[in-house]
Amino acid sequence: MKTAQMSLLTLVIFLALGVTLYLIGPTNQKEQPESWSSFVYTQGYESGRYKKLDDFNDYTSCRAYSIETSAKFEQAPWECGLRCRFDSSRQGFQCEAMENK
């Protein structure tokens, strides 16, 4: 009798775990809108100083703005980041993707 109870308890635990993993899976998470941010490093990459502008709808518009701003600062390096957010533990911005093409 104890073996049947233990088997049933184990089955219930694994079933609950499976349902939980399914409910929090990536297909059920809210999709964030695509938002690009421009980073123009006015003193070079190593300085940590940059001009940032958010809320570009696509990479093309972010790139155009970055190139224009870069030209004002003697062809300063630039990047565009996708879905950037400030990470307080790293004291800087973290992006899903960074591009400079």
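Analyst: Before we start, a disulfide here is a pair of cysteine sulfur atoms within 2.5 Å. Also, this is a predicted model.

User: Okay, how many disulfides does the structure hold?

Analyst: The structure holds two. Cys-84 is joined to Cys-95, with 2.0 Å from S to S. Cys-62 and Cys-80 form a disulfide too, and their sulfur atoms are 2.2 Å apart.

User: Is the link of Cys-84 and Cys-95 left-handed or right-handed?

Analyst: The link of Cys-84 and Cys-95 is right-handed, with 105 degrees about the S-S bond. This pair links distant parts of the chain, 11 residues apart: Cys-84 sits in the loop between β3 and β4, and Cys-95 in the loop between β5 and β6.

User: And which hand does the link of Cys-62 and Cys-80 have?

Analyst: That link is left-handed, at -105 degrees about the S-S bond. Cys-62 is in helix α2 and Cys-80 in strand β3, 18 residues apart.

User: Switching topic: which residues make up the largest nonpolar core?

Analyst: There are nine: Trp-36, Val-40, Phe-56, Tyr-59, Cys-62, Ala-76, Trp-78, Cys-80 and Leu-82. β1, α2 and β3 are the elements that give two or more residues to this core.

User: Which element gives the most to this core?

Analyst: β3 does, with three residues.

User: What about β1, how many of its residues are buried?

Analyst: Five of its five residues are buried. Trp-36, Ser-38 and Val-40 point one way from β1, while Ser-37 and Phe-39 point the other way.

User: Which residues are the bridge partners of Trp-36?

Analyst: In β2, the partner of Trp-36 is Phe-56. In β3, the partner is Leu-82. β1 runs antiparallel to β2, joined by four bridges, and also antiparallel to β3, joined by five.

User: What else is Leu-82 in contact with?

Analyst: Leaving aside neighbours within four places in sequence, Leu-82 is in contact with Glu-34, Ser-35, Trp-36, Cys-95, Glu-96 and Ala-97.

How values were computed:
Residues numbered from 1 in each chain as written. Predicted model: local features only at pLDDT ≥ 70, side-chain atom pairs only at ≥ 80, totals over all residues. Heavy atoms only, no water. Core = buried A, V, L, I, M, F, W, Y, C linked by side-chain atoms within 4.5 Å. Buried < 20%, exposed > 50% of the residue type's maximum accessible area, 1.4 Å probe, protein only. Contact = heavy atoms within 4.5 Å. Pairing = 2+ DSSP bridges.
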